[in-house]
Amino acid sequence: MTQQLIQLKKPAAVLFDLDGTLVDTAQDLGAALNFVLRQHGMAEKSHEEYRPMASHGAKGLLQLGFGEALKDIDFGKARQSLLEYYHEHSGVHSGLFPGAEELFAALEVRNIPWAIVTNKPFKLAAKVQRQLPALLQSRLLIGGDSLAQRKPDPTPLWMTAHYMKVAASSCWYIGDAERDIEAGRRAGMQTVMCDFGYVGPDDKTELWGADLHISAFTDLIQYLD
Ligand SMILES: O=C(O)COP(=O)(O)O
C-alpha cells in the first residue's frame, strides 16, 4: 500500500538506484554468493536469507554467507570470486521490477530525463544495463567506483544532476536502502522508498525519512504532472 507522507513535486529529472529498485538482481547475486560458499565448503543461503542483503554489495552478501567465519578467509579473494562469477552469470534471472517500463514511458512522453546511480561496480552495472535494453534510455550510469565518493555520500547524485543540467532540489532519487534515502536527503533531492525492494525484517524504513513510500512504480505516475 502506498503511504503518502508529502506531495512530491513534479521532477526535472529522476535518478534511480539499481539493485532492488529498478532491477531484481537478488537471485543472480545469491547464486554468486552460493558459488563462493560452495568453494569454501560452507552451507548455501536460501533466497529468503540473501534477498534482504542484495542491496548491500559483495561485502554484505559475504558477511551474511560466512558470518563469524569471514575473518578466517581471504576476503579480497572471496569478493573477487563472487564478482567474477556474478559478471559471468548476471543476466540469468534478473529482470526489471513491474511497472518500471510504464514509468520510463511516462517520463519519456513528458521529456523528463532519468539516470541510474548505483553502488554496484560500473562494469557490472553496465552489463546489467546491456542485458535489459529499457535501461539504455538512461542518460547516465554512475557506478560505485565511478567517483571517489559513493552513496550514502551525496556527491554521485550531485554530479548526475549537474550533468543533466538540473537543480538537485528538483530531482527525485528512488531507492530501496537506507544509504539511498540518506544520499538523496543529503543531496537535497526528494526521496522515494521502494517498499518492494530488498528490505529486511529488521529494517525500520519509516525512520529513514523518505518523502514517499511506493509499492509499485506506477504509484509515481500521478506525481509527474
Ligand atoms: O552493489 C551494490 O553495492 C549495491 O547496488 P545498488 O546501489 O544498486 O543497490
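Modeller: Start with the axes. An axis is a line fitted to C-alpha atoms, for a helix over the stretch in contact, and an angle runs from 0 to 180 degrees between N-to-C directions. This is a predicted model. In it, the axes of α3 and α4 come within 10 Å and cross at roughly 110°.

Colleague: Why are α3 and α4 called roughly perpendicular?

Modeller: Angles of 65 to 115 degrees count as roughly perpendicular. The crossing is at roughly 110°. Therefore α3 and α4 are roughly perpendicular to each other. Their crossing is right-handed.

Colleague: Which residues make that contact?

Modeller: A58, K59, L61 and L62 of α3 meet F75, A78, R79, L82 and L83 of α4. By class, seven are nonpolar, none polar and two charged.

Colleague: What does each helix bring to the contact of α1 with α4?

Modeller: From α1 come D28, L29, A31, A32, L33, F35, V36 and Q39. From α4 come A78, S81, L82, Y85, Y86 and H89. The classes are ten nonpolar, three polar and one charged.

Colleague: How do you know that α4 and α6 are roughly parallel?

Modeller: Look at the angle again. α4 and helix α6 (residues 122–131) pack at about 15°, with axes 10 Å apart. Angles under 35 degrees count as roughly parallel. So α4 and α6 are roughly parallel to each other. The crossing of these two helices is left-handed.

Colleague: Which residues of α4 and α6 touch?

Modeller: L83, Y86, H87 and E88 of α4 touch K123, L124, K127 and V128 of α6. Four of these residues are nonpolar, one is polar and three are charged.

Colleague: Now the largest pocket. How much space lies in it?

Modeller: About 460 Å³. The lining has 27 residues, and H56, G57, A58, N119 and R150 are the closest to the centre.

Colleague: Which helices each supply at least two residues of the lining?

Modeller: α3 (57–66), α4 and α8 (178–186). α3 gives the most, with five residues.

Colleague: What makes a lining residue charged rather than polar or nonpolar?

Modeller: Its type decides. Asp, Glu, Lys and Arg count as charged. The lining divides into nine nonpolar, seven polar and eleven charged residues.

Colleague: Two backbone points remain. How do you know that the bond from K151 to P152 deserves a remark?

Modeller: Most peptide bonds are trans. The one from K151 to P152 is cis, with omega near 15°. P152 lies in the loop between β6 (141–142) and α7 (155–163).

Colleague: What is the phi of N111?

Modeller: Near 55°. Most residues other than glycine have a negative phi. N111 is not glycine, and its phi is positive. Its place is in the loop between α5 (100–109) and β5 (114–117).

Methods: Residues are numbered from 1 along each chain as its sequence is written. This is a predicted model: local features need pLDDT of at least 70, side-chain atom pairs count only at pLDDT 80 or more; totals for chains, interfaces and linings use all residues. Side-chain values use heavy atoms; hydrogens and water are left out. Contact means heavy atoms within 4.5 Å. Helices (H or I, at least four residues) and strands (E, at least two) are DSSP runs, numbered from the N terminus. On a 1 Å grid over the protein atoms alone, a cavity is a set of points where a 1.4 Å probe fits but cannot get out, and a pocket is an open set with protein on both sides within 12 Å along at least five of seven lines; lining residues have an atom within 4 Å of a point. Grid points are joined across faces, edges and corners, and a volume is the space filled by probe spheres set on the points. Angles under 35 degrees count as roughly parallel, over 145 as roughly antiparallel, 65 to 115 as roughly perpendicular and the rest as oblique. A crossing is left-handed if the near helix is turned anticlockwise from the far one by less than a right angle, and right-handed if clockwise.
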